[in-house]
Number of protein chains: 2
Amino acid sequence: MDLSIRKQKILKAAVELYVQSGMPVGSRAICEALDFPVSSATVRNELSDLSELGLLEQPHTSAGRLPSARGYRFYVDHLMKKRLLSGEERRVIDSLLLSSAYDPEKLLTSVSKALAALTRCAAVSTTPGGNAAVIRAVQFVQTSRRTAMVVLISSAGTMKTRVFHCDFDITPEILRVFFRTLNEKLVGRVLADITPALIQGLAASLGEMAILMSSALMAVLDVARESAEADVCLMGESNLLFCPEYEGSGVRRILDFLSRPEELTRLLLEGTGTRVLIGRESRRPELYASSVVISRYAIAGRDAGAIAVIGPIRQDYGRVIAGIEYLAGSVGTMLTELLDAE
Amino acid sequence: MDLSIRKQKILKAAVELYVQSGMPVGSRAICEALDFPVSSATVRNELSDLSELGLLEQPHTSAGRLPSARGYRFYVDHLMKKRLLSGEERRVIDSLLLSSAYDPEKLLTSVSKALAALTRCAAVSTTPGGNAAVIRAVQFVQTSRRTAMVVLISSAGTMKTRVFHCDFDITPEILRVFFRTLNEKLVGRVLADITPALIQGLAASLGEMAILMSSALMAVLDVARESAEADVCLMGESNLLFCPEYEGSGVRRILDFLSRPEELTRLLLEGTGTRVLIGRESRRPELYASSVVISRYAIAGRDAGAIAVIGPIRQDYGRVIAGIEYLAGSVGTMLTELLDAE
DNA sequence: AGTTAGCACTCTAAAACATCGAGTGCTAAA
DNA sequence: TTTAGCACTCGATGTTTTAGAGTGCTAACT
């Protein structure tokens, strides 16, 4: 689509004014915002053309214009100028992230929180996860006479714990044997391979201990399964409540969608780089009234997880993209360092 | 306050019809709900009396009646019949709780979730916590070459972990020394005693290792502090969005309140047994339009933490109380067993 | 004396209608 | 090609009307 410079400037002004005010913008307002002198009538003619091209729309005949999905698309692709976060903003984010730097789970919680606060939308992040990851270590910690905690560390950087309970007193001896056996058999194995069948087999090699420690084995299975699926951390849903665009039943639909972690994961992991999905582009009916900005983060140069912002279509995309890319970069770096240190 | 049997029955019907329908109830509707034959005119006379006693109110002259705060109070204190959860409901709750039985944190998350689902309100629970609790064990688990996790188990049943990072490679040796020293010095100590000063002193006795492991000491301090404060788990806030009584700005106020964990903790821990705070009774202006039902749970017979439901004043109190008491009982039993096993 | 039918009265919610004004599209002149 | 001018459109806002649910009171009834 080829637009004259003037049309582009007018479209840009229209999008930005609308994003700022939330109300359809009229020719007069645009007139005043342009950096060259032109009458409102001229602007009206141009607006009429832009409407015909499907870049702008009118709620009704005598209202101002607002960007259509295509309009936003064009804006994002061609008109938006990349903005950077202010030093202040970066400082705040950095200090927030640093406080949870060495625990990938907590790190991603912090990321979601920061992103939600920055954009005043819902923010999601997935842990690195992935079935391809490999078990790096299995550790046991006794937590009381008859309970202990299994800690599973994967090559994807996740660290999961689970507490289990036995019907007899746990001794350091037992844990040690258990630890040795499990590390021998499990370290280096792909997470997806930890199936009930495998655990069954493992039980066999443990002999009579297997019966005693069946709850421990279940815990290992559980925790492996949990590590395998990239889990998602959602924050700031309540921000959406205060967007006028979700008045009434609209909130329900989107909150419903957000409450389904599998769907969220699928959405987040389906592309690469930074993507902006406007309205129907996400192909999720529940998100037809929303936009999603997704950015993948990489660990040691390989795609690992993703972070995303979900909010109304009316967004300051420049700002959101700046924020999300900064965060994706930071997370990538931090997790890379964390894993490189191995 | 002494009411004739008939007045009591009428008040009961009024409360229950209003709770069910959400609309002011008229004399006709009450008429039909009563188990003895009486005309609407008679009911009207009684209603008039009940209004004068301040138990019912009218939104405007020609509307039906709805319970005032005092009306609900009377209902809860004298009219409500204790209901029990259905077998089905108990089954669902039990299985949900069992899945996280041995980790107090997860258990309380499950409790909040169950309670929120059951009541369609916001639900909160506090972990046993308490400054009086004593450190039972400090454990270390290496999680990568330069990171490790500290696990702190308190006598209150809490178990907290924190990952820390060192600038040199951690060896099992180092962790062992560290483990020994810390257990020697810290086990049996009251959580509230773990101050920066104490840690400082501890560092001295570690000699040169203290410098290497300063981040580990910080982590211990951190995790002790976190264990000391009973932390709260809030779930189901979004349920409140769908209550008609919180239309508009009302949501904001209550969500604000719910987002302040210290205030929530204070509210939950301020009494004993099961308490029903209706409207202003909570003495929190942000909750004047809400009711809170709180139940303490006990570990080994001693008050430990609390769980609560926060929602609109228009509540099926019988149901909420049944649910919360069942859950408080279950949690108490489970945690008692868990700690008794020591 | 307590209960009830009957009725006038009250007050809101919903519908119908009137008005205002922002913003458009078109026309004709510059 | 641009712009001033103007008739026109259509939602937002405010006002009036109407309908109906529910009350309180009175007077008759048991």
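Which residue in strand 10 of chain A is the bridge partner of A:Ser125? That would be A:Ile307.

## Before we dig in

This is a predicted model, where local features need pLDDT of at least 70, side-chain atom pairs count only at pLDDT 80 or more, and totals for chains, interfaces and linings use all residues. Residues are numbered from 1 along each chain as its sequence is written, chains are lettered from A and ligands numbered from 1 in the order in which they are written, and side-chain values use heavy atoms, with hydrogens and water left out.

Helices (H or I, at least four residues) and strands (E, at least two) are DSSP runs, numbered from the N terminus. Buried means under 20% relative accessible area, exposed means over 50%, and partly exposed is in between (1.4 Å probe, protein chains only).

Two strands pair if DSSP finds at least two bridges between them. Strand 3 of chain A (residues 122–126) runs antiparallel to strand 10, with four bridges joining them. Strand 9 of chain A (residues 290–299) is also antiparallel to strand 10, and here there are 10 bridges; one pairs A:Ser291 with A:Gly311. Strands 9 and 10 of chain A form a hairpin with two residues between the strands, and A:Ala300 takes a positive phi near 50 degrees there.

## A look at A:Thr265

Over in helix 13 of chain A (residues 261–268) you'll find A:Thr265. A:Thr265 is buried, with a relative accessible area of 14%. Setting aside neighbours within four places in sequence, A:Thr265 is in contact (heavy atoms within 4.5 Å) with A:Ala230 and A:Val232.

A residue counts as near a strand if one of its heavy atoms lies within 4 Å of it. Around DNA strand D there are 20 residues, and A:Arg6, A:Thr42, A:Thr61, A:Ser62 and B:Ser27 come nearest.

A polar side-chain atom of A:Arg6 sits 2.9 Å from a phosphate oxygen of DNA strand D. For A:Ser39, a polar backbone atom is 3.1 Å from a phosphate oxygen of DNA strand D.

How values were computed
Polar contact = N/O pair within 3.5 Å; in protein donor to acceptor, adjacent residues only side chain to side chain.
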